[in-house]
Amino acid sequence: MKLNSIFQSIQGEGRFQGYPSDFIRFFGCNLNCSYCDTKYTLSGDSFYFATPEEAAAKLNKTGVFDLCVTGGEPMCQADELLKFLLLLSKKRISLETNGSFELEPIYRAFSAAKTDSQLYFSTDWKTPASGNPVFDESNIGFLRKSGAGWIKFVVGSREDLDFVEEKLKLLDGIETYLSPVFENGKEWFSAVEKFVKTHNIRLQLQLHKILGIE
């Protein structure tokens with residue numbers, strides 16, 4: 001596997017926000033979003049190679065229940081990713097993905113193996129401000145049926161809020177988050193707060209950035 005880093009921190013986003021968590025950051029992504037805060041995982045030499053066995057062995061020893069699999073985009077290395085997931089023991093796994101890949105196949109394969117870990121998908125739906133408004137809409141039915149994750153919109157403009165308003169009509173029964181681009185500042189946070197108050201969606205601020213940690 002092509003990795004950027006393995007580290008421990010606090011989960012800053014999603015359903016398990018605030019819990020201590022291990023992180024494994026994959027290198028490489030099929031997108032290049034304007035507001036990406038991990039550009040160093042997209043190109044260059046900030047990576048190393050590890051086998052699924054090596055990475056899983058390291059993480060199984062930490063004693064930390066939560067594990068965030070992030071990137072880059074982990075699904076770009078789907079075959080090796082699945083091997084890695086199946087080697088984990090007693091973990092609550094949040095797999096952060098950009099939403100451009102179909103998720104059900106890897107979930108089916110993971111579930112069929114009957115491991116003692118749990119797998120959830122933190123699934124972005126990219127907005128116009130990202131420069132990559134792509135999404136595999138098969139993930140809507142999968143997330144609704146399985147309950148194995150949630151959808152997150154990162155918003156950086158009024159156009160993005162209009163985009164989210166339209167897409168929310170498709171997302172009944174799916175846990176959904178609205179995350180303002182952190183670097184846009186408090187005035188933008190306030191605009192997003194007003195949107196949240198009038199729509200069935202949950203506000204998410206990036207806790208790790210507020211705390212000043214990785």
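Biologist: Which residues do ring pairs link into a cluster?

Modeller: Ring pairs link Phe16, Tyr120, Trp150 and Tyr177. Rings of Phe, Tyr and Trp (its six-membered ring) pair if their centres lie within 6.5 Å; planes under 30 degrees apart count as stacked, over 60 as edge-to-face and the rest as tilted. This is a predicted model, so local features need pLDDT of at least 70 and side-chain atom pairs pLDDT 80 or more, while totals for chains, interfaces and linings use all residues. Residues are numbered from 1 along each chain as its sequence is written, and side-chain values use heavy atoms, without hydrogens and water.

Biologist: Which charged end sits over the ring of Phe16?

Modeller: That of Arg92, 3.9 Å from the ring centre. The charged end of Arg92 also sits over the ring of Tyr19, at 4.8 Å. The criterion is NZ of Lys or CZ of Arg within 6 Å of the ring centre and within 35 degrees of the ring normal.

Biologist: How many aromatic pairs in the whole structure?

Modeller: The search finds 16. One of them is Phe47 with Phe49, edge-to-face because the centres are 5.6 Å apart and the planes at 80 degrees.

Biologist: Is Phe49 buried or exposed?

Modeller: Exposed, with a relative accessible area of 62%. Phe47 is partly exposed at 28%. Buried means under 20% relative accessible area, exposed over 50%, partly exposed in between (1.4 Å probe, protein chains only).

Biologist: Changing topic: what is the strand order in the sheet?

Modeller: The open sheet has 9 strands, ordered β3-β1-β2-β4-β5-β6-β7-β8-β9, with mixed pairing. At the edges are β3 (48–49) and β9 (202–203), each pairing on one side only. Helices (H or I, at least four residues) and strands (E, at least two) are DSSP runs, numbered from the N terminus; two strands pair if DSSP finds at least two bridges between them.

Biologist: In which sense do β7 and β8 pair?

Modeller: Parallel, over 5 bridges. Val154 stands opposite Ser179 in β8.

Biologist: And Val155, where is that?

Modeller: Val155 is in strand β7 and is buried, at 0% relative accessibility.
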